[in-house]
Amino acid sequence: MTDYPSLHMIIAGEKVSGGSRRTFDVVNPATGETIGALPLADAADLDRALETAAEGFRIWRKSTPQQRAAVLQGAARLLMERQEDLARIATMEEGKPLAESRIEVLMNVGLFNFYAGEVFRIYGRELVRPTGQRSTVRHEPAGPVAAFSPWNFPIGNVGRKLGAPIAAGCSVILKSAEETPASALGVLQCLLDAGLPKEVAQAVFGVPDEVSRHLLASPVIRKLSFTGSTVVGKHLLKLAADNMLRTTMELGGHGPVLVFDDVDVDQVLDTAVAGKYRNAGQVCVSPTRFIVQENVFEKFRDGFAQRAKAWKVGNGLEDGTQMGPMANPRRPDAMERLIGNAKESGARLDAGGERIGNQGFFYAPSVLSEIPLDAEIMNEEPFGPVALINPYKDEEAMVAEANRLPYGLAAYAWTNDVKRQRRLADEIETGMLGINSHMIGGADSPFGGVKWSGHGSEDGPEGILACMVTKAVHEG
Ligand code: NAD
């Protein structure tokens, strides 16, 4: 049985804690109990991390692809060995069922192994020039990266934030969410134990706005990588503008799911319900707005509600739990506000709509239908266990609804009409589209959005190139 570990930062390879530093209480969302005290960085800690990151870049930009591959593969092996402990820690911090935490570890293993191969394929090109002249285009590591990752994928997102800069030859200062620090430390420790020089990757925690202002104002940092809400993303982009930083922004979504009347409704429901309540809906690519063709609307809505009521909610550490608590007290509060507002606007509540139990941050799997488009929940990312189901007449109206919002992260469509599948791939404004599938990611596939959902990609070759700059060299 894993106990929750003691907490620290990792600066220049040292475990840093104590002194006069402020602390943050880490809470188990299933019980509401405090399980750890996290030290928060002061300005001197951040300056030391910056100095170290500058040195880390001088070291790692000269590393060979073989060295980078060895570290990434070694870390992948250690992640596998430590999978069970890491998964338990993530569930204690974030609440999700253990099976989902284990998958997060596998996600990092896959990504690190993919990058370990990809480091050998960061090709430039040679331009056609007269004999005696030579012009080349090359990719070089961008420099020290400031990476901010959220609490909803405490292992998976950290792997993304660390893996790409390390594969590219950058150094990185990670500030993962203060609510889930031990998971982040566990991933970083695998990289360090696999031989990553201690200057190359560090972990700090702090008051988020203090840390981001301090790091992004430093001339040492050359790139910002952020995953989180659109509001915070816009704020960070403005800070990044002052130093003209490169940016990768993975922001919010409001996932449309188009369900046409030529599908097997029960089969779609089996996948859609599991997709919706994964991590209690706290997933940026969560299927959220179900845009259902009117002939199958009632069957779809009733089937969804029936399954939601039977969904097993409990402590993520317990066998058989399908959905854990929400990750922090802000989320059930947000559910209450958004679902309350939807009901006042005239929406129908088909399942859930209430908190569960009297400890922790549990909220029932919920279904709303026939929701007016001006209800807050139809416009603001709910980031919770609620499906929004509305009827539509035809493809044109369904595509218009999918594209109505300023978000464009993930979208899904269910139809057996091949020509329609191709039209949807052209028409839907999104970074990722699942057709007859809720699986939209993979180590080799770019993950990212358009419009207010952000820009840049993580994963795939694109994830490494996002941490590189281009240089053209012309020799006369
Ligand atoms: P929030 O918007 O304050 O924080 C979102 C994330 O950004 C957190 O991880 C937080 O630590 C970080 N953050 C906040 N201010 C920051 C700053 N100034 N500098 C650096 N990092 C900062 O609120 P929250 O309650 O934690 O989350 C609420 C909303 O955030 C959700 O409704 C959802 O829309 C969004 N969110 C999105 C993702 C995602 O994967 N895209 C993940 C978590 C949260």
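The model is predicted: local features need pLDDT of at least 70, side-chain atom pairs count only at pLDDT 80 or more, and totals for chains, interfaces and linings use all residues. Residues are numbered from 1 along each chain as its sequence is written, and side-chain values use heavy atoms, with hydrogens and water left out.

**Ligand shell**

- Helices (H or I, at least four residues) and strands (E, at least two) are DSSP runs, numbered from the N terminus.
- Ala, Val, Leu, Ile, Met, Phe, Trp, Tyr, Cys and Pro count as nonpolar, Asp, Glu, Lys and Arg as charged, and the others, Gly among them, as polar.

**Polar contacts and cover**

- A side-chain N or O atom of Glu381 is 2.4 Å from a ligand oxygen.
- Asn152 places a polar side-chain atom 3.3 Å from an oxygen atom of the ligand.
- At Leu251, a polar backbone atom is 3.4 Å from a ligand nitrogen.
- The protein covers 85% of the 780 Å² of accessible area that the ligand has on its own, by the Shrake-Rupley method with a 1.4 Å probe.

**Cavities**

- The whole structure has three cavities of 30 Å³ or more. On a 1 Å grid over the protein atoms alone, a cavity is a set of points where a 1.4 Å probe fits but cannot get out, and lining residues have an atom within 4 Å of a point. Grid points are joined across faces, edges and corners, and a volume is the space filled by probe spheres set on the points.
- The largest cavity has a volume of about 70 Å³. Of its 13 lining residues, Ala164, Lys223, Ser225, Glu458 and Cys467 are closest to its centre.
- α5 gives the largest share of that lining, four residues.
- The lining of the largest cavity has five nonpolar, four polar and four charged residues.
- The second largest cavity has a volume of about 60 Å³. Its lining has 13 residues, with Pro256, Tyr407, Gly408, Ala410 and Glu429 nearest its centre.

Notes:
A polar contact is a pair of N or O atoms within 3.5 Å; within protein, one must be able to donate a hydrogen and the other to accept it, and residues adjacent in sequence count only if both atoms are side-chain atoms. On a 1 Å grid over the protein atoms alone, a cavity is a set of points where a 1.4 Å probe fits but cannot get out, and a pocket is an open set with protein on both sides within 12 Å along at least five of seven lines; lining residues have an atom within 4 Å of a point.
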